[in-house]
Each structure stands twice: as C-alpha cells, then as structure tokens.
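Me: I would like to learn how to read a few backbone, sheet and interface features from a model. Can we take them one at a time?

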Amino acid sequence: MSAPRSPAPLSPAGSRRRIGTLLVANRGEIAVRVIRACREMGIRTVAVYSDADRAALHVRLADEARPIGAAPSSESYLRIDRVIDAARASGADAVHPGYGFLAENADLARACEEQGIVFVGPRSETIALMGEKTSARREAVAAGVPVVPGSLEPIADPGALGREAERIGFPVMLKAAAGGGGKGLRRVGSAAELPSALARARSEAGSAFGDDRVYLEKALLRPRHVEIQVLADHHGHAVHLFERECSIQRRHQKVIEESPSPFLTPELRRRMGELALALARRVGYVNAGTLEFLVDADRNPWFLEMNTRLQVEHPVTEETTGVDLVQMQVRIARGEPLPLVQDELVQRGHAIECRVYAEDPAAGFLPSPGRILALRAPGGPGIRDDSGVYEGWEVPIHYDPLVSKLVAWAPTREGAIARLRRAVSEYRVLGIRTTLAFFDRALRHPAFVSGDFDTSFVDALLAEPDQGAGPPVDVAVAAAAIRAFRERRTRASAGNGAARSAWWDAGLREAHGVRSGT
Amino acid sequence: MRCVATVAGRTIRVEVRESGGRYLVTLDGEAVEVDVAEAGDHFASVVVGHESHEVGFERRPDGYRVHFATGALDVGLADAEPGVAPVPGARRPGPARICAPMPGRVVRVLTKPGREVLDGEGLVVVEAMKMENELRAPRAGSVVEVPVAEGQTVEAGAVLVVLG
C-alpha cells in the first residue's frame, strides 16, 4: 500500500488560471447544464457534436460548435484526439467532460494537462487511481473506510473467479474493474450462473470501457445506495455536501434520487461525510467527486466506488444546499480556493429527481428512440427540468436514452413528492415512449412515500398490479373519434381545392413583390 | 360518423354528431356531450360535461395514442360495417416472427436454424442506447430462419428470428 498522497499541489504560476472559453466534451442534458453554468459566469462555450447531433440542443445553445465525427460514440465523443483538436482549434482554455463518455478517462485529463488546457476535474493520476475500482478499494482500506467484502484485485481466470466467489459466498456481484454506471455489472446467485454472467459482464465492460477486467463483491441483502458529494480545491480544502439517496434503481441504473436520504440518521450522515473526506484527502482529490456507499439494514456504510466527476443526480444536492456544483467545478479548476467551509453548509428542505428516459415502461423498458412530436415541460414553484431535448428533435439510437431530469424541491419530503407528482402529470412527451408513467406509479407507492425502500424497490413494484386509476377510457375514445371526425372533414375540404394555406398565400404575395401590411 | 373503437382490449361502438361546435358522442348506446378546443397541433382541451381533460394526440396507423395526465391509451378506430365486428388481438396462425422492438445493433445470435427452443429461451441480443436487450422466444418451437448476423444494424420491426 502506498503512502498517502500529499494535498493537491497548487497549479504552477501563481495558481490562478483564466478560463475565457470552455469546451464541453459531451452531449445531451449535461452538455446543456455545463453551457448554462458557463453562460452565467460569462465564459464562452464550445460544443462538440457527432453527425447524429448536428441539431442537438447543446449545439444550438453553445457559442461555438465543432463536429468531431460519426454517430457511434467510439468515432466521436470517445475520441480524445478529436476533442483535443477541437479545443486547440477553438482556443479553449478548459475542457469540461460532463459525465459518461470520457469523464473518467485519465487519458483525456492527461492530454489536457500536456496541452496546457485546464481539465475541469481531478488530476489524471487521481482519475486513474480511483477509476480502477479495485485500486480505489485498496485506497479506501488504507484510509480506514470500510469496503464491501470482496476481491481487492481484478481476477482474469474463470477458475480463480469461481473459487473467490465461493470464498466470499453467493450471491456475489460481478463488477467491471474499469468503471461503474451499471455497465458490466451482474448479480450472480450461484456457481452455475457464473459462466454466462461472466461472458455478458465482460462483453458489456469491454464495449463500455475498452477494458473487460472484472472483480467480485459480496451482494449485500436489501442495501441502500447512498452517496456523498465532495468538493476539494487546489489549496488543500475539502468539504462534503451531504448525501444523495439513490436506492431506486432499475438494472443497476438509478432512476429516482433524493436528498436528504430518509434513511440516514444525523450521526450516520456525519460519519459518512467524514469517511468520504478521509478518502478524498488521502488521494489528494481536487474538484467535485462522489463517494458511493452501500448502507446495510443495520445502517453500516460500505464504500462501493468513487466517481471522479459530476454525477447525473447532482441537482438534488444543488437544490438542497444552494451550491451550483458546475460553477464550483469551474472555480476550483481556475485555482480559486473554496468559498465555503463545512460549517456553512446546511441541507435545506428536500429535493427529488426523476430520470426521464426514452424507454417504454409498458414494454419492459425497451429503448424508444424516435422523433419527439410534441413536448411540454412542467413549470411552477419548486420545479427544475434539466432537459437535453426539444420538440421536433429525433432522439438518436446511439447514446444513453436520458431525455431529461425532472427535479422537485419543497421544504419537506412529503411536499417534494407531491410537487414531483404534480410535475409528472403536467409533463407531456408525444412521439416517443418515456418513463414518466412509471414515475407516477413509483412516487405514489406506499414504500416510497414512507421512505422504507431499498435497491429491490423497482422490481417489487413492477411485480405488483398497478392500483392507479389510469387514463379515462371513455374520454379517450370520445376524443379520438372526434379527432378522426374533424380530420376527415378537413381532408374533405382540402380535397376540393377550396382551402389554400396561409403560408402559400404569403409566398405568392412575396413572389409578386406585394408587401403585406405596412 | 360511425365507427368501432378498440381500446385496452375492449370494443366500443361509437357515433359522433356535431351540433353548434359541440359534439354528441354515443359510446355503446350511451350519449355524452363533448366540447373540444384545439390547443396547438397535438393537444386539445376536452370538456366532457364539465369535466376538463388536457389531451394529447399521436397518430397511429390504426387510430390514435391519446395522452392524459395519468398516462396514455391506444385507441384503434375502424369504420363500422353492420355485422362485421373487428376482432381484437386476432392471432395469425403459422410461424412466429421475433422482430426488433427498436432500432439497434445485433450483438449476439444465440440460436440457429433447425434448433428447438423452449418458451422464454434467449434468441438474439440487440444493443440499443448502450444497453443489451435479450429477445426471448414467445413460445416453444423450432427455429426456421435467422435472417440477421452478429454486428448487423437493424431497424425497428426487422425480423430477427422466425420460429416454426
């Protein structure tokens, strides 16, 4: 085990770096989120886009846009050389990686460091250290942070893997050493399931991270997934911004997150914050990061992994602490000292986020890419919609199906649930299927309302019959029949040539040089 | 206008008559008065009696998908012909076709022509939006044809496996 790393060194040359232009090496809602933060800070933004994203929202909102390749992410958003070329060509001082894609790729951070471009995130060596999940586990052990029982090294040989699984005891989790996000993750109940689970996990890990090494962890019973947000600057200061409860997951993908966790006691919250800071300090962490823990039924926290980047669910922390995490990331990257100390940070009220995916809950959550025919986002008090799409946009098949993150804040958890349910009922997305209908079910479920749930919540919910009233059948039939009646009539009148549209008339006027009005 | 609607497994006889901008809709003999005000191209405010509904419409080959605050319903509409009722959910006999439910890439083919498969057995793995989705046999049978290969990109609805 290596010695603790010294606190992050000040960047050279007086420690302050000017960021006038920032390139966002991402797409979708997170690219939009970063662009928004930059615009508020007076920073010019550069979007990069694949062929599938020419008309994407982040391209439309940025000050500058540069193509970086074909639609598959391996030919565009995962190409470090093209991201760096775009940054150099646009004169960008900094690169923000968002989450996913290259966000936890130490090579991008290193390439930025070598080119003198500020990477908005930790140092490349920290990304490498914590990105390899078994070395992160070893660091946690050294920092005195309890880790989920399991292997501390990747295991290549299937035979050795089987023996390790027997030693830990089934059920076990088969995990990708190179990354998280549910990719390459399989729960294995018995030795018989191991070979096929291993093949699938390796294939997924290989395609997601370009690294198919795996390791094992014991699968805890009814665990809660609770994570701690940290911020650390280049001057050795670090704070935590409390927890996010992320137990509502489907296929190991978070779907609903909230803060505070209804499960944590003040003592456990304080303890987990301290554990998170101990590990962050040990590895000399800089910028925003998240330490994920499993909390067992006896309220023991077990370190799972560290995400060395901004999290998808960062808005619930922003809403409850009042801290803009993206702006804070940029300020830290500029070399500014943290403008706040631990004692100034408090959790105010309650925030819940739903991840609205282009998936069909009525068809086993199959992806539902396609054109968004109509879109109406909710508004009103306490509602935040971090969306990456717009009406008329074609959701591409090539990327994550996240359409939007819908967040509600209220003084109490009860109030936040009521507000989020209200917002879900206002949200209309036509043309593609989304998980909104599922959220309506989840948010009114007694287990969710009482806060008594764990990571098995979604599977249990889907196994139950839906008790909701559902849409009114008679009104649906009447409305559809009237619509058909009206469409038929419109077609009939258009068919006899009498109707000519307003734009046609306007075009005729223009063609003949006739001015309309004054 | 008379038509037959199929919705949520039910068949409903519908008649629509317009009078003074409002509609009288008869559903299986029961009449309701409906007031419709269009709100943009895809939405309408629908007031039934005095009950207000915010409704979204999505065109489908056989009718509409009708969106409400509480979810959406697919309403199939067919012309009413006396004595001929549409048969909802009629099963076509013969081979079962397993089709791609979404556009994506075939990452693995788990079977081949001639093989006997069990109900629920995995046949093809299609990757879309970075997730692998295993398509399983809807019933037991023997594989007649696998017209796709690993690595191939497929459109939604493409036949992946034909089961005899």
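Me: In which loop does Phe365(A) lie?

Reply: This is a predicted model, so the values that follow are computed from its coordinates. Phe365(A) is in the loop between β15 (359-360) and β16 of chain A. Its phi is near 60°, a positive value in a residue other than glycine.

Me: Which residues does a cis peptide bond join, and what is omega?

Reply: One such bond joins Phe170(A) and Pro171(A), with omega at about -5°. Pro171(A) belongs to the loop between α7 (158-168) and β6 of chain A. Another cis peptide bond joins Ser259(A) and Pro260(A), again with omega about -5°. Pro260(A) sits in the loop between β11 (253-259) and α9 (266-282) of chain A.

Me: Now sheets. In what order do the 8 strands of the open sheet in chain A come?

Reply: A general point comes before the case. In a regular strand the side chains alternate between the two faces of the sheet. In chain A the order of the 8 strands is β13-β12-β9-β10-β11-β14-β21-β19, with antiparallel pairing. β13 (301-307) and β19 (383-387) of chain A each have a single partner strand, so one side of each has no neighbour in the sheet. Ignoring direction, neighbouring strands of this sheet are turned by 25° against each other on average.

Me: Over how many bridges do β19(A) and β21 of chain A pair?

Reply: β19(A) and β21 (residues 402-410) of chain A pair in the antiparallel sense over 5 bridges.

Me: Which strands form the open sheet of 3 strands in chain A?

Reply: The order there is β7-β6-β8, and the pairing is antiparallel. β7 (186-188) and β8 (214-218) of chain A are the edge strands, each pairing on one side only. From one strand to the next, the twist averages 30°. Strand β6 (residues 172-176) of chain A is joined to β8(A) by 5 bridges, and the two run antiparallel. Within that pair, Met173(A) stands opposite Glu217(A) of β8(A).

Me: With which side chain does Glu217(A) meet in a salt bridge?

Reply: Side chains of opposite charge can pair when their charged atoms come close. Here the partner of Glu217(A) is Arg137(A), at 3.1 Å from N to O. The pair links distant parts of the chain: Arg137(A) is in helix α6 (residues 133-142) of chain A and Glu217(A) in strand β8 of chain A, 80 residues apart. Over all chains, the count comes to 51 salt bridges.

Me: What of chain B: how many residues stand between β1(B) and β2(B) in their hairpin?

Reply: There are 2 residues between β1(B) and β2(B), and Ala8(B) in the turn has a positive phi of about 45°. Strand β1 (residues 2-7) and strand β2 (residues 10-19) of chain B pair in the antiparallel sense over 6 bridges. Cys3(B) stands opposite Val14(B) in β2(B). β1(B) is also joined by 5 bridges to strand β8 (residues 71-79) of chain B, running antiparallel to it. In that pairing, the bridge partner of Thr6(B) is Gly76(B) in β8(B).

Me: Last, the interface. How many residues of chain A are in contact with chain B?

Reply: 48 residues of chain A are in contact with 55 residues of chain B. The two chains bury about 4900 Å² between them, with 64% of it on carbon and sulfur atoms.

Me: How many salt bridges are there between chain A and chain B?

Reply: The count is 6. One case is Glu18(B) with Arg489(A), where the closest N and O atoms are 2.4 Å apart.

Me: Which elements give two or more residues to the side of chain A that touches chain B?

Reply: They are α8 (194-209), β16 (366-367), β18 (374-376), β22 (428-430) and α16 (473-495) of chain A. α16(A) gives the most, with 17 residues. By type, the residues on this side of chain A divide into 26 nonpolar, 8 polar and 14 charged.

Conventions: Residues are numbered from 1 along each chain as its sequence is written. Chains are lettered from A and ligands numbered from 1 in the order in which they are written. This is a predicted model: local features need pLDDT of at least 70, side-chain atom pairs count only at pLDDT 80 or more; totals for chains, interfaces and linings use all residues. Side-chain values use heavy atoms; hydrogens and water are left out. Two strands pair if DSSP finds at least two bridges between them. Helices (H or I, at least four residues) and strands (E, at least two) are DSSP runs, numbered from the N terminus. Axes are lines fitted to C-alpha atoms, for helices over the stretch in contact, and angles run from 0 to 180 degrees between N-to-C directions. Contact means heavy atoms within 4.5 Å. Buried area is the accessible area (1.4 Å probe) that two parts lose on being put together, summed over both. A salt bridge is a side-chain nitrogen of Lys or Arg within 4 Å of a carboxyl oxygen of Asp or Glu. Ala, Val, Leu, Ile, Met, Phe, Trp, Tyr, Cys and Pro count as nonpolar, Asp, Glu, Lys and Arg as charged, and the others, Gly among them, as polar.
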